[in-house]
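Me: I would like to learn how to read the surroundings of a ligand and the pockets of a protein. Could we go through one example together, step by step?

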Amino acid sequence: MPSQKALIRRPGPRLAEGLVTHLERTPVDVGLALEQWEAYASALRTHGWETVEAEPADDCPDAVFVEDAVVVFRNVALIGRPGAESRRGETAGVEEAVARLGCSVNWVWEPGTLDGGDVLKVGDTIYVGQGGRTNGAGIQQLRATFEPLGARVVAVPVSKVLHLKSAVTALPDGTIVGYEPLVDTPSLFPRFLAVPEEAGSHVVLLGGGKLLMAASAPKTADLFAELGHEPVLVDISEFEKLEGCVTCLSVRLRELYV
Ligand SMILES: NC(=O)NCCC[C@H](N)C(=O)O
């Protein structure tokens with residue numbers, strides 16, 4: 001039986017200095033952020049995920065957004081090379097954590113850059129966003145790592161948001177969901193459902209039809225409930241101020257046998 005583990009990383013003391021690209025900076029309450037992070041981790045555990053913490057990287061304000069440091073397909077991890085220099089120190093602790101969990105480890109090399117937030121897996125299809133943080137060389141290296149394992153890598157332009165998964169994620173049936181004004185080319189996706197809120201584009205599949213979502217997307221949560229899904233809402237307001245979303249606060253590992 002494969003294990004269900006979720007890699008997370010505790011927010012550090014410099015969180016409020018995290019990068020902001022597409023938003024205006026507003027003050028982050030680090031104490032409240034820690035409470036929200038604890039509640040997020042607890043929601044994962046309540047729904048059957050064992051949480052595993054990567055070593056803190058307290059010099060890196062954005063280290064809590066752990067998903068950006070790695071892409072995992074089956075039991076193979078590709079350690080990213082963050083598009084933002086200030087985030088490069090985040091990968092070492094994540095590499096150590098995924099190796100300890102039994103992944104075999106590969107790396108993105110210069111001149112490639114790749115952030116995990118640009119990578120959306122839907123079955124054996126891996127969509128990768130080319131935009132602010134991930135470049136063509138990074139995409140080539142992603143292909144070289146995962147196509148031999150049976151993945152089909154589909155590159156898509158991202159120009160209106162930070163990462164591909166800031167614009168789109170997928171429901172359990174594979175339907176891509178996104179807030180249309182922020183999606184460059186919705187027609188690239190075989191089944192696309194437009195949602196009424198930006199934060200409604202972000203879902204984490206908890207299993208059993210349950211969708212972890214931000215409390216800031218109540219209309220989308222209602223839409224998904226009407227479609228027979230079960231939204232589980234968490235307040236992540238302090239991370240949203242830094243362009244974070246529910247997806248980037250964890251890396252879900254489903255196919256490990258350790
Ligand atoms: N995958 C994600 O959406 N990650 C959010 C990263 C936010 C962070 N402030 C950054 O700009 O890198």
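This is a predicted model: local features need pLDDT of at least 70, side-chain atom pairs count only at pLDDT 80 or more; totals for chains, interfaces and linings use all residues.

Me: Which polar side-chain atom lies 2.8 Å from a nitrogen atom of the ligand?

Reply: One looks for pairs of N or O atoms within 3.5 Å. Here a polar side-chain atom of Asp68 is 2.8 Å from a ligand nitrogen, while an N or O atom in the side chain of Glu67 is 3.2 Å from a nitrogen atom of the ligand. The backbone takes part too, for a polar backbone atom of Leu242 lies 2.8 Å from a ligand nitrogen. Of the 350 Å² that the ligand exposes when taken alone, the protein buries 100%.

Me: Where does the ligand sit?

Reply: The ligand sits in the largest cavity.

Me: How much space lies in the largest pocket, then?

Reply: That pocket holds about 680 Å³ of space, and 29 residues line it, with Val72, Lys121, Val122, Arg252 and Arg254 closest to its centre. Strand β15 gives the most to this lining, namely five residues, and by class the lining has 15 nonpolar, six polar and eight charged residues.

Technical notes. Residues are numbered from 1 along each chain as its sequence is written. Side-chain values use heavy atoms; hydrogens and water are left out. A polar contact is a pair of N or O atoms within 3.5 Å; within protein, one must be able to donate a hydrogen and the other to accept it, and residues adjacent in sequence count only if both atoms are side-chain atoms. Accessible areas come from the Shrake-Rupley method with a 1.4 Å probe; for residues, only the protein chains shown count as cover. On a 1 Å grid over the protein atoms alone, a cavity is a set of points where a 1.4 Å probe fits but cannot get out, and a pocket is an open set with protein on both sides within 12 Å along at least five of seven lines; lining residues have an atom within 4 Å of a point. A molecule sits in a cavity or pocket if more than half of its atoms lie within 2 Å of its grid points. Grid points are joined across faces, edges and corners, and a volume is the space filled by probe spheres set on the points. Helices (H or I, at least four residues) and strands (E, at least two) are DSSP runs, numbered from the N terminus. Ala, Val, Leu, Ile, Met, Phe, Trp, Tyr, Cys and Pro count as nonpolar, Asp, Glu, Lys and Arg as charged, and the others, Gly among them, as polar.
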